Amino acid sequence: MSELEVDVQIPTAFDPFAEANADDSGAGSKEYVHIRIQQRNGRKSLTTVQGLKKEYSYNKILKDLKKEFCCNGTVVQDPELGQVIQLQGDQRKNVSTFLVQAGIVKKEHIKIHGF
């Protein structure tokens, strides 16, 4: 009985930004805009937009997004990720179509994450 080998995988914590960090490591990788959802408490959630170019005014984009989707939001400065736009609610599809129609990002450069 001492020679029984059990292959046990220990569950690890889910990292919603793991895919973004893996994508950034490649040489010559494309610049993607990552749209994610983060669960708060209960039914509440946040939509985050990360990876927009630096020359865009994040506050003007946020103002238009808030007006278009009737939700609140903010721009958060993150030391690793730079500026990140946060919106209330699940706005992933809305934000992706808005960014494409406004001509800010091409559809091929948007990655939508979440369940």
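## Exercises on a five-stranded sheet

Five strands make up an open sheet of mixed pairing, ordered β3-β4-β2-β1-β5. This is a predicted model, in which local features need pLDDT of at least 70 and side-chain atom pairs count only at pLDDT 80 or more, while totals for chains, interfaces and linings use all residues. Residues are numbered from 1 along each chain as its sequence is written, and side-chain values use heavy atoms, with hydrogens and water left out.

**Exercise 1.** Find the strands that stand at the edges of the sheet.

*Solution.* Start from the order β3-β4-β2-β1-β5. β3 (73–78) and β5 (110–112) each have a single partner strand, so one side of each lacks a neighbour in the sheet. From one strand to the next, the twist averages 25 degrees. Strands here are DSSP runs of E of at least two residues, helices are runs of H or I of at least four, and both are numbered from the N terminus. Two strands pair if DSSP finds at least two bridges between them.

**Exercise 2.** Describe how β2 and β4 pair, and which helices lie on the sheet.

*Solution.* Strands of a sheet pair through backbone hydrogen bonds, either parallel or antiparallel. For β2 (residues 45–50) and β4 (residues 82–88), the sense is antiparallel, over five bridges. Val 84 in β4 is the bridge partner of Gln 50. Next, take the helices: α2 (residues 58–69) lies across β3 and β4 and runs at about 10 degrees to β4. Helix α3 (residues 92–101) touches β1 (33–39), β2, β4 and β5, and its direction makes about 160 degrees with that of β1. Angles run from 0 to 180 degrees between N-to-C directions, with axes fitted to C-alpha atoms, for helices over the stretch in contact.

**Exercise 3.** Decide whether Thr 48 is buried or exposed, and list its contacts.

*Solution.* Thr 48 is found in strand β2. Buried means under 20% relative accessible area, exposed over 50%, and partly exposed in between (1.4 Å probe, protein chains only). Thr 48 has a relative accessible area of 3% and is therefore buried. Apart from neighbours within four places in sequence, its contacts (heavy atoms within 4.5 Å) are His 34, Ile 35, Arg 36, Gln 38, Val 84, Ile 85 and Gln 86.

**Exercise 4.** Locate the one salt bridge in the whole structure.

*Solution.* Look for a side-chain nitrogen of Lys or Arg within 4 Å of a carboxyl oxygen of Asp or Glu. Asp 90 is partly exposed at 41% relative accessibility, whereas Arg 92 is buried at 12%.
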